[in-house]
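Subject: Structure handover

Hello,

Here is the structure for you to look over. My notes on its salt bridges and one of its helices follow below.

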Amino acid sequence: MHVTAKREEEEAGEREQELVDALAMTPAASLAGIAGKLDMILYESTVWIDDIEFPQPQIRSALRDLVRIAKAIEPDVFIPGDDRQGGPLTQTS
């Protein structure tokens, strides 16, 4: 019984990680989508404290989305983060 419960818990954790990764890789189409990504980052940061990489890829993803949507709304306005050529916004991991 304990072995089955442990295996199910591990499988659920793996599925959750797959969903977190998919969310980070999916471009947001709205400000609500960006808010959803940031909400996930806040939640996951309380759960996965031992993950060295988290939350860098997720934050980069949300910032890329925010810059893209903000530039579409106000193309002539400087958007912080848009000037990072070769910096954190252009990294894919």
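**A buried lysine and its partners**

K37 counts as buried, at 1% relative accessibility. Buried means under 20% relative accessible area, exposed means over 50%, and partly exposed lies in between (1.4 Å probe, protein chains only).

A word on the source. This is a predicted model: local features need pLDDT of at least 70, side-chain atom pairs count only at pLDDT 80 or more, and totals for chains, interfaces and linings use all residues. Residues are numbered from 1 along each chain as its sequence is written, and side-chain values use heavy atoms, with hydrogens and water left out.

What does the side chain of K37 meet in a salt bridge? The partner is D65, at 2.5 Å from N to O. The pair links distant parts of the chain: K37 sits in helix α2 (residues 31-47) and D65 in helix α3 (residues 56-73), 28 residues apart. Helices here are DSSP runs (H or I, at least four residues), numbered from the N terminus. A salt bridge is a side-chain nitrogen of Lys or Arg within 4 Å of a carboxyl oxygen of Asp or Glu. D65 is also buried, with a relative accessible area of 4%.

D65 has another partner. The side chain of R68 meets D65 in a salt bridge at 3.0 Å, N to O. R68 and D65 are three residues apart in α3, about one helical turn. R68 is partly exposed, at 40%. Shared partners join K37, D65 and R68 into one network.

**Elsewhere in the chain**

The salt bridge count is four. One of them pairs R7 with E11, whose closest N and O atoms are 4.0 Å apart. Both lie in helix α1 (residues 2-25), four residues apart. R7 is partly exposed at 45%, and E11 is partly exposed at 44%.

**Two sides of α2**

I34, K37, M40, I41 and E44 are buried in α2. They cover an arc of only 115° around the axis, so they lie on the same side of the helix. The arc is that of the directions from the helix axis to the C-beta atoms. What covers these buried residues includes α1 and α3, with contact meaning heavy atoms within 4.5 Å. On the other side of α2, L31, A32, D39, L42 and T46 are exposed.

At the start of α2, a side-chain oxygen of S30 reaches to within 3.3 Å of the backbone nitrogen of A32.

Best wishes

Conventions: Polar contact = N/O pair within 3.5 Å; in protein donor to acceptor, adjacent residues only side chain to side chain.
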